[in-house]
Amino acid sequence: MDSKKDISGFLEKINGPKDLKKLKEKQLSKVADEVRSLMIEKVSKTGGHLGAGLGVVELTVALHYIFEAPKDKIIWDVGHQSYPHKILTERKSKMHTIRQGKGLSGFTKRSESIFDPFGAAHASTSISAGLGMLVGSRLKKKQNNVITVIGDGAMTAGMAYEALNNAGVMKLPLIVILNDNDMSIAPPVGAMSAYLSKLISSGQYRGLRNAASQLAKKFPKSIALTAKKAEEFARGIITGGTLFEELGFYYIGPIDGHNLNHLLPILKNARDHSKKGPVLIHVVTKKGKGYAPAEKSSDKFHGVGKFNITTGKQNKSISNKTYTSIFSETLVQLAKKDKRICAITAAMPSGTGLDSFMKQFPKRTFDVGIAEQHAITFCAGLACEGMKPFAAIYSTFLQRAYDQVVHDVAIQNLPVRFAIDRAGLVGADGPTHAGSFDIAYLSNLPNFITMAASDEKELARMVFTCSDINDSPSAFRYPRGSGTGITIDLQKIKKLKIGKSKIITEGNDIVLLSYGARLTEVKKAAEILLEEKKISSTIVDARFCKPLDKKLILKLCNHHKALITIEEGSIGGFGSHVLNFIINNKSNIYKKIIIETLELPDYFIEQDTPENMYTNAKMNSRDIVKRVLSRLKS
Ligand SMILES: Cc1ncc(C[n+]2csc(CCOP(=O)(O)OP(=O)(O)O)c2C)c(N)n1
């Protein structure tokens, strides 16, 4: 595809920030328009994160105009809003590859560009990383600038405050830009959000600010009552300080993040006059700015599939119900009968399917913000009071709350239920979002019961089962996207027997012991083995990693040549538990059987379609067949 065709005007001549700097300030708004158009055009064909990037187009242009990247470090929190930054930093011609196999990442990535000083995708890391870079640079006697851009959503996470708290006493010139669009993926939650709104809407403040800029206009330029002075004037008279000032930051704002006449002088001042300590610039933007459908429903345009630019309509291919919706429907069903059931999300009500739970049970649904650590300890507290909390968190984001899982839940043996969505490889979001480690990090914990769903019915049964586990923590994992297509009647769903596997087919030669949603591929592999090699397989859906179905495993070992475990997770998970059991078993059963474990490899699988990612991980039916054959030969 010839990307040059769609770029006209200034952008055609801009490859990197150096080219941008050749332009006059008054030409920059045209550049912003062109960046915006290019971004909409590209994302309409690839899908991706749209609203956040559209909201920071002017800010991106201004940052690259005022600062000297890559010497100056511009760090984008989460990184999902970095598309305009990519366009202006030598990646314009590759935008059509974003989030595709071998293409540009949908987030910032150090290995992709020298203009990405820090890789991201999980929220709220930018201030910590920026502070570390600044300290490192000063220790090396360098004098560059470090600028971090963090959204109001990301600012709900504890880590952001830990970093502010630390930066406030370091007296280093860290520049934090708070990009306040009054949105996370869903509307923002919590007291901080209310506080920011208060800052913005303060009539008194706005009045003063207008007065200040009016004054500025009346003075000749030589008196230098520039935007900085005007802003300082306004700033000095308001309530006497913001929370950020109490934390040691020099607070500037709120300023209009789409107005380059405001952004440019303030960034220039921050660059030239912030040598004594950290600065926080509070910028107000609109998510989806400049594209009406995205402005109108910023939640739906946070992340999009391919869409029609004129209508804003997204192409939705008709497919089976998602695992997420099965989880959500089952939980709703249970909560109708059991008032103790509560649902907890960390800023992902629609992603986890809890938005529909929230509609029916608003008092029993808690969106705690991007605060996974708090979410888990909050659930532990609910469990202490006899409630039945279901924490619906993506596998990848739960990583952040590991100490809370261990210390607050597992050690106290509290019956918190973990609904682990996006288990396994997830596709376009790449390795940062892959749910690779939860089997290992949860199943290693004493007291935990862990399960993985192989299809929609199994998932519904696991939700039922967990609702009735009142004496220990429990977790069930399920993949991103559509299920297998089976229809289920939630009224007829029954609980599982704890620790009991399910035999799918019985064969004579080998055991394919599957944990989770690889079962479909396992069945295909068994067919191939039978047809092509006359090897007959016993297929087992393990259901539980903890407790293991030890009795069955022993029996299977005694009656087959080989046992192969398969799971959508890392080393240290289900296969390791099976191995551990077999090796340590007093009967020395390990001498009688060939054992092979098939799990994700010990490297990160790069973004692609989930199917291709599993092919790259060598986990599709043909790979299973190959592994079986090579072990049987040996
Ligand atoms: C630790 C973690 N939890 C959840 C998410 C999912 N997530 C991605 S972007 C986002 C909202 C970010 O909101 P904000 O920082 O305000 O940025 P905006 O998209 O509004 O520009 C969330 C919750 C994440 N990336 N990281």
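Throughout these legends, a residue is called buried when its relative accessible area is under 20%, exposed when over 50% and partly exposed in between (1.4 Å probe, protein chains only). The structure is a predicted model, in which local features need pLDDT of at least 70 and side-chain atom pairs count only at pLDDT 80 or more, while totals for chains, interfaces and linings use all residues. Residues are numbered from 1 along each chain as its sequence is written, and side-chain values use heavy atoms, with hydrogens and water left out.

View 1. Helices (H or I, at least four residues) and strands (E, at least two) are DSSP runs, numbered from the N terminus. Strand β4 (residues 175-180) has six of its six residues buried, so it is largely enclosed by the rest of the structure.

**View 2. The partners of β4.** Strands pair if DSSP finds at least two bridges between them. Strand β3 (residues 146-151) runs parallel to β4 and is joined to it by five bridges, with Val-149 having Ile-177 of β4 as its bridge partner. Strand β6 (residues 279-284) also pairs with β4 in the parallel sense, over six bridges, and here Leu-280 of β6 is the bridge partner of Val-176.

**View 3. Helix α6 against helix α7.** The axes of α6 (residues 126-139) and α7 (residues 158-170) come within 8 Å and cross at roughly 30°, where axes are lines fitted to C-alpha atoms, for helices over the stretch in contact, and angles run from 0 to 180 degrees between N-to-C directions. That makes α6 roughly parallel to α7, a term for angles under 35 degrees. The contact (heavy atoms within 4.5 Å) is made by Ile-127, Ser-128, Leu-131 and Val-135 of α6, and on α7 by residues including Met-159, Ala-163 and Met-170.

**View 4. The sheet containing β14 and β19.** Five strands, in the order β14-β16-β15-β18-β19, form an open sheet with mixed pairing. Strands β14 (502-505) and β19 (594-598) stand at the edges, each with a single partner strand, so one side of each is left without a neighbour in the sheet. Neighbouring strands of this sheet are turned by 20° against each other on average, direction ignored. Strand β18 (residues 562-567) pairs with β19 in the parallel sense over five bridges, and Ile-564 has Glu-596 of β19 as its bridge partner.

How values were computed:
Angles under 35 degrees count as roughly parallel, over 145 as roughly antiparallel, 65 to 115 as roughly perpendicular and the rest as oblique.
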